[in-house]
Amino acid sequence: MTDTAAEEDKDPDIELFVKAGSDGESIGNCPFSHRLFMVLWLKGVVFNVTTVDLKRKPADLHNLAPGTHPPFLTFQGEVLTDVNKIEEYLEAMLAPPKYPKLAAKNCESNTAGNDIFAKFSAYVKNTSPDKNRALELSLNKALAKLDEYLMNPLPDEVQPFHVGTEQSNRKFLDGDELTLADCNLLPKLHVVKVVAKKYRKYDIPSDFRGVCRYLDNAYSRDEFINTCAADVEIELAYKDVAKRLEK
């Protein structure tokens, strides 16, 4: 291999800056950091991760991305700070044949479950016992919509002459492989599961077989569990956010 070819075959210089945990070093709770961490892992590119302690943000990071909280990323020295734009940039720059395409084939996969986090936030921030049941039902309704999407077959799963009689057994939103849609939804869904259990004693109903299967499949993948904050960090992040129900 010539020097030029070797240079072209090298991975780009990428560093991801994510929110640090309570110890200032481990990975902290941040679904957006988790999302980009997953994207880079799935791309199979070599990259560095730096955790940023927001209480003691180093001066060099202030200079690198002034006024910006993690996550942000440097790509060949260029600083990128908008999560959606970073994801688009990585999908464009880390493209086949060397790197896998991660975009979902079905556009509906990109919006499945997109209202769950807002319903969850309203549920855990509520202090009124009178509203608790209605907010829980609202969260369940959003989860039911996601469950329906996961249980219904995608177009390429439908067998001829069996329309409407099948259920999907796919592992993730858009098929059996993780996509950008999963990188967006799974970190949020995991936060919902951990925080609602801790502060509302709420479990995602087992009736939602599609959602439970989806999470189980995520927990079996290194790309998810090795980029995830510890449960205790997620619980700690919501300690002052999740409100007690007033008696």
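Biologist: Why is Tyr 123 called buried?

Modeller: The relative accessible area of Tyr 123 is 0%. Buried means under 20% relative accessible area, exposed means over 50%, and partly exposed is what lies in between, with a 1.4 Å probe and protein chains only. Tyr 123 is under the 20% limit, so the residue counts as buried.

Biologist: What kind of model do these values come from?

Modeller: This is a predicted model, in which local features need pLDDT of at least 70 and side-chain atom pairs count only at pLDDT 80 or more, while totals for chains, interfaces and linings use all residues. Residues are numbered from 1 along each chain as its sequence is written, and side-chain values use heavy atoms, with hydrogens and water left out.

Biologist: What makes Tyr 123 and Tyr 202 an aromatic pair, and of which kind?

Modeller: Rings of Phe, Tyr and Trp (its six-membered ring) pair if their centres lie within 6.5 Å; planes under 30 degrees apart count as stacked, over 60 as edge-to-face and the rest as tilted. The centres of Tyr 123 and Tyr 202 are 5.7 Å apart, with 70° between the planes. The distance is within 6.5 Å and the angle is over 60 degrees, so the pair is edge-to-face.

Biologist: Which parts of the chain does the pair of Tyr 123 and Tyr 202 tie together?

Modeller: Tyr 123 lies in helix α5 (residues 116–125), and Tyr 202 lies in the loop between α7 (180–200) and α8 (209–219), so the parts tied together are 79 residues apart in sequence. Helices (H or I, at least four residues) and strands (E, at least two) are DSSP runs, numbered from the N terminus. Tyr 202 is also buried, at a relative accessible area of 6%.

Biologist: What makes Arg 200 count as lying over the face of Tyr 123?

Modeller: The rule asks for NZ of Lys or CZ of Arg within 6 Å of the ring centre and within 35 degrees of the ring normal. Arg 200 is at 6.0 Å from the ring centre of Tyr 123 and lies over its face. Arg 170 lies over the face of Tyr 149 in turn, at 5.1 Å from the ring centre.

Biologist: How many aromatic pairs does a search of the whole structure find?

Modeller: The search finds 9. One of them joins Phe 75 and Tyr 89, at 5.1 Å centre to centre with 90° between the planes, and is edge-to-face. Phe 75 lies in strand β3 (residues 72–75) and Tyr 89 in helix α4 (residues 83–93), so this pair ties together parts that are 14 residues apart in sequence. Elsewhere, ring pairs link Phe 37, Trp 41 and Phe 47 into a cluster.

Biologist: Are Phe 75 and Tyr 89 buried, partly exposed or exposed?

Modeller: Phe 75 has a relative accessible area of 5%, so this residue is buried. Tyr 89 is at 23%, so this residue counts as partly exposed.

Biologist: What is Arg 35 in contact with?

Modeller: Contact means heavy atoms within 4.5 Å. Leaving aside neighbours within four places in sequence, the partners of Arg 35 include Val 83, Glu 87 and Cys 183. Arg 35 lies in helix α2 (residues 31–43) and is buried, at 7%.

Biologist: What makes strands β1 and β2 a pair?

Modeller: Two strands pair if DSSP finds at least two bridges between them. Here 5 bridges join β1 (residues 14–19) to β2 (residues 48–52), and the strands run parallel.
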